[in-house]
Amino acid sequence: MSKFGKELIKSLSEAVAHAQGKSAARAHVVRVPDVKAIREHLRMSQSEFAKAYRIPLSTLKNWEQGRRQPDAPAAAYLEAISRRPKVIREALAA
């Protein structure tokens with residue numbers, strides 16, 4: 001059997017094991033920051049926060065109301081805002 005054939009069989013076997021819950025699949029967990037808490041800590045309205053950090057207001061509202069969750073890049077951006085809000089604002093103003 002060719003190398004490709006062996007790799008294909010191995011991959012399919014792993015996929016079946018995963019589907020049956022028998023594999024130890026890697027899971028990437030994104031820590032979702034509390035957007036409303038970050039905004040309130042900065043004492044900003046939703047409109048002010050959205051404008052200052054260039055986040056669409058509707059997106060911010062959806063995050064805060066739990067209708068949507070930030071994806072990994074947005075979660076990282078929010079984490080940066082929570083740690084260094086002034087630096088982020090200054091970077092965006094330049």
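1. A word on terms to start: helices (H or I, at least four residues) and strands (E, at least two) are DSSP runs, numbered from the N terminus. With that in hand, the secondary structure of the protein chain comes to 6 helices and 0 strands, and the order of elements from the N terminus is α-α-α-α-α-α.

2. Please keep in mind that this is a predicted model, where local features need pLDDT of at least 70, side-chain atom pairs count only at pLDDT 80 or more, and totals for chains, interfaces and linings use all residues. Residues are numbered from 1 along each chain as its sequence is written, and side-chain values use heavy atoms, with hydrogens and water left out.

3. Now the overall shape. The protein chain has a radius of gyration of 21 Å, whereas a compact globule of 94 residues would have one near 12 Å. That radius is taken over C-alpha atoms, and the globule rule is 2.2 Å times the number of residues to the power 0.38. Along its principal axes, the C-alpha trace spans about 65 × 30 × 20 Å.

4. Next, burial and surface. Buried residues (under 20% relative accessible area; exposed means over 50%, partly exposed in between; 1.4 Å probe, protein chains only) make up 23% of the 94 residues in the protein chain. The chain exposes about 7300 Å², and carbon and sulfur atoms supply 54% of that area. These accessible areas come from the Shrake-Rupley method with a 1.4 Å probe, and for residues only the protein chains shown count as cover.

5. On contacts (heavy atoms within 4.5 Å), consider pairs of residues at least 6 apart in sequence: 48% of these contacts in the protein chain join residues at least 24 apart.

6. The salt bridges deserve a look. Side chains of opposite charge can pair when their charged atoms come close. Counting a side-chain nitrogen of Lys or Arg within 4 Å of a carboxyl oxygen of Asp or Glu, the structure holds 3 salt bridges.

7. Glu 79 pairs with Arg 31, their closest N and O atoms being 2.2 Å apart. Arg 31 counts as exposed because its relative accessibility is 54%. Leaving aside residues up to four places away in sequence, Arg 31 touches Ala 75 and Glu 79. Arg 31 and Ile 81 are 50 residues apart in sequence, and their C-alpha atoms are 15 Å apart in space.

8. Glu 79 has another partner: the side chains of Arg 83 and Glu 79 meet in a salt bridge at 3.1 Å, N to O. The two residues are 4 apart in helix α5, so about one helical turn separates Arg 83 from Glu 79. Arg 83 has 62% relative accessibility and therefore counts as exposed. Through shared partners, salt bridges join Arg 31, Glu 79 and Arg 83 into one network.

9. Glu 64 forms a salt bridge with Arg 39, with 2.6 Å between the closest N and O atoms. Because Glu 64 sits in helix α4 (residues 57-64) and Arg 39 in helix α2, the pair ties together parts that are 25 residues apart in sequence. Both Glu 64 and Arg 39 are buried.

10. For the rings, the pairing rule covers Phe, Tyr and Trp (its six-membered ring) with centres within 6.5 Å; planes under 30 degrees apart count as stacked, over 60 as edge-to-face and the rest as tilted. The structure holds 1 aromatic pair. Phe 49 and Tyr 53 have ring centres 5.0 Å apart and planes at 50°, so the pair is tilted. Phe 49 is buried, at 0% relative accessibility, and Tyr 53 is buried at 0% as well.

11. On the surface, Phe 4, Leu 8 and Leu 12 form a nonpolar patch with about 320 Å² of accessible area together. Patches are made of residues with over 30% relative accessible area and no salt bridge: like charges are joined within 9 Å, nonpolar side chains (Val, Leu, Ile, Met, Phe, Trp, Tyr) within 5 Å. Leu 8 lies in helix α1 (residues 3-19) and, at 40% relative accessibility, counts as partly exposed.

12. Finally, two backbone angles to check. Arg 43 is not a glycine, yet has a positive phi of about 55°; this residue lies in the loop between α2 and α3 (46-52) and is exposed at 77% relative accessibility. Arg 54, in the loop between α3 and α4, has a positive phi near 55° and is likewise a residue other than glycine. Arg 54 is exposed, with a relative accessible area of 60%.
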